[in-house]
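Dear colleague,

Please find below the structure that I am handing over to you. My notes on it follow directly after.

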Amino acid sequence: MTKLVIVESPAKAKTIQKYLPSDFVVRASSGHVRDLPDNAGQMPEKYRGESWASLGVDVDNGFDAVYVVKDPRSRKALAALKKDLKDADILYLATDEDREGEAISWHLVEALKPKVEIKRMVFHEITKSAIDAALNDTRGIDYNLVAAQETRRILDRLVGYPLSLLVAKKIKYGLSAGRVQSVAMRLLVLRERDRRRFRMGTYWDLKAQMLKDKQKFDATLIAVGNKRIATGKDFDENTGQIIKGKDVLLLDEATAKRLADKLVAQDWTVSDVVEKQYTTSPKPPFITSTLQQEASRKLGMSASAAMSVAQGLYENGFITYMRTDSVNLSQQAITAARNAAQTLYGPEYVPAQPRVYKGKTKGAQEAHEAIRPSGDEFVHPSKSGLKGQDLKLYDLIWKRTVACQMEAAKKTSLRVDLVVADEGQPYTFRANGNRIDFAGFMRAYVEGLDDPDAALDDQEVLLPALALGDKVKCKELDPLRHETKPPARFTEASLVKALEEEGIGRPSTYASIMKKLTSDERYARKSGNTLIPTYLAFAVTEFLENYFAELVDLKFTANMEDELDEIAEGKCTKVEYLHNFYRKEGAFNDQVGHRDETIDPDTARIVHLEDFPATLKVGRYGPYVQVDDNGELKTVNVPDDVAPADLTYENILEWMAERAKAPDTLGTDPESGLPILIMNGRYGVYLQLGERSEDNPKPKTTSLPKGVTLEEMTVDKATQLFELPRKLGKHPEDKKVIEAAIGRFGPYIKHNKEYRSLQSEGDVFTITLDEAVKLLSEPKVRGRRTQAVLRELGTDPASGDKVNIHEGRYGPYVKLGKTNASLPKDVKPEELTLEKALELIEQKNAG
């Protein structure tokens, strides 16, 4: 007989298998095997007529949940596991050690109904010693953890399902309003409202370039007489004026320039020198939220991407469990980090006593150790064999862990005041310096910076030796204009940090929250790393604030998280908590029913922006403004790329005037004789064939292909676009037509509801029927496909870019920058020269 071990993923199974004896068989469940049904149609037949069938939770009888196996992969996995169980005498459940992992183990037992001995084994790293220890210290399923996970899942269903239906009914079809997601979205909206209220303030100061003993340094004007010069912190963000009661001097442009001319040639004297020693301690090792924040800042990874890479590192035995809010390190880890620091940097960089970190730890919910390299001897990143993003994230974790057990950095801050007088009035300038006396942990890791060595240079500002009464020469004196800045928008990193500080969400939820917010840019769009809330986000947030204020209240949501944690600790029951929230008189269920009857959809779609006199609404096709123009109600679409904080009434008037103009013409279509009009729509510039009229009620329209500007558009290219979709012919098997077209996500071919992406827009007009049939016969590829390089031909002398031959989906092609050109059928890749390749590229660009 065998001993069956079940984990979540095949990768984790493969890694664990090599640490177990030969009579152990490790299999993967592929995550959760059961979940609440998506709709009443997925419910077992006997429940479909129940009033609560669409929820999947019997809210009238103990909030019992009905779980179903929805995913075909889960059905397949369960069938295989049942087969494996027949040959096993012990079942080991080795899913992750947090509440999600505990729930997966419980669901497996419920679905498999094993008749053999069941043991729960947990570990936070996949190493031989950790697996051996887990085998020797098994336990039963922790039903408090299961209850906590189930309560959270049911709560999200009880809130999310009816609330999403209500939001979709009152605002826009297809919207959702999850419990934690809505609070995160509100944080984005609140920050955008702050930016809208913001009024810029302007102030001036003087920057002096000083010279002492051939060493240059900078000093800034800080006071005139006894009055401090105003800086950005002295301004009221909502008025752009100095905060009432602030006794500061606001320099204007004329005064700053006058002083610059007068003071540069005067005598400058050192009036004060202050030198202070201080230390900076290393940051704690990573928890989930801080890993996501640093991965975003240093590596440009989204929260979900960071967690995906971390999951792979954990499952392949490189790091400890990655969903944790504990900063604790085991004695084994502390010893490994100290040894690594001493080996690399020397004994003087390791403190006599280990550093011990303490933080807010949800011990009943998450893992009990920080994220660190696994094992009792940390593998150096250069010897790990990892590549790409895996290596970058592992390197980040390795450095942070080693640094946390190193000595503090010792620094000296320097502050030098210089006085220059004019007509008896003293002007005080200040130079600030900073010296690193001992780098300590900074040799290994500096938060927010990529290269520790470069960071050491960046953090040092050295001043020459200066003493009280020294005379210093001013080389240059420049007046500088400054503007106060609006509150910064959130990035994924700063939003995760804000959620963590507010006590909202848990380590296992941050990545999914970010993904839900940015999915399809429905509630937030990314501009670089910043998250900009959409008008839909404003509408839904305002709706929730007006009608379900508690659900988006930060403290209320944080308290809910704590109460859910109490269930994990056995201090509260699932039924008790859900009844108080959902069922008792006046609770959430009653509120939803009342709001459904009383909320007017037209009112719910209005977005109220401060200092915006027109009516802004969200509609089926996006945001729009209604304007009363001499008694006529006119509608103006608002482009998605104009952020709510930046929208002005002047924008609306400009767009109205632009729309009232007669459209420009690209040229005349040679076949129909109709003008090709250049139009402006909510998604930007597009082309329209002829004016809209009774004879031409639905003119043909086409968007400009991605990367093509209006200046590059010709009549010939426009007529080609108007002819799309291009019919290539009939598929030889079913005789149904294959079409080529350009859609929202780029160029593609379509056949009988089957789609395949094309390499470039140009392929839409050149792909043949045979090439399309071949492409359709290949399996779909998810994500961006990287085509193999067959040959490197050299460098384009004009641009300096590489010219390569790639293996394409339907034959080899030449690539230069963003241009791809197929090889003629009579030319073999090994025969093509650089000169001929450049000719093909030139022909493609010309056509």
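V627 stands opposite K634, a residue of strand 20. Strand 20 and strand 19 (residues 622-629) are paired in the antiparallel sense, over six bridges; two strands count as paired if DSSP finds at least two bridges between them. Helices (H or I, at least four residues) and strands (E, at least two) are DSSP runs, numbered from the N terminus.

Please note that this is a predicted model, in which local features need pLDDT of at least 70 and side-chain atom pairs count only at pLDDT 80 or more, while totals for chains, interfaces and linings use all residues. Residues are numbered from 1 along each chain as its sequence is written, and side-chain values use heavy atoms, with hydrogens and water left out.

Axes are lines fitted to C-alpha atoms, for helices over the stretch in contact, and angles run from 0 to 180 degrees between N-to-C directions.

Helix 5 and its two partners

The axes of helix 5 (residues 143-170) and helix 18 (residues 588-598) come within 11 Å and cross at roughly 10 degrees. Helix 5 is therefore roughly parallel to helix 18 (angles under 35 degrees count as roughly parallel, over 145 as roughly antiparallel, 65 to 115 as roughly perpendicular and the rest as oblique).

With helix 3 (residues 99-112), the axis of helix 5 comes within 8 Å and crosses at roughly 100 degrees, so helix 3 and helix 5 are roughly perpendicular to each other. Helix 3 contributes R99, E100, E102, A103 and W106 to the contact. By class, the contact has six nonpolar, one polar and five charged residues.

Helix 13

The buried residues of helix 13 (residues 492-502) are E492, A493, L495, V496, A498 and L499; buried means under 20% relative accessible area, exposed over 50%, and partly exposed in between (1.4 Å probe, protein chains only). Among the elements covering them are helix 6 (179-197), helix 14 (510-518) and strand 15 (524-527). Just after helix 13, G503 takes a positive phi of about 75 degrees.

Aromatic residues

The structure holds 17 aromatic pairs (rings of Phe, Tyr and Trp, the last by its six-membered ring, pair if their centres lie within 6.5 Å; planes under 30 degrees apart count as stacked, over 60 as edge-to-face and the rest as tilted). One of them, Y47 with W52, is tilted, at 5.6 Å centre to centre and 45 degrees between the planes. Y47 is partly exposed, with a relative accessible area of 24%, whereas W52 is buried at 6%. F63, F543, Y547, F548, F581, Y582 and F588 form one aromatic cluster.

With kind regards

Terms used:
Contact means heavy atoms within 4.5 Å. Ala, Val, Leu, Ile, Met, Phe, Trp, Tyr, Cys and Pro count as nonpolar, Asp, Glu, Lys and Arg as charged, and the others, Gly among them, as polar.
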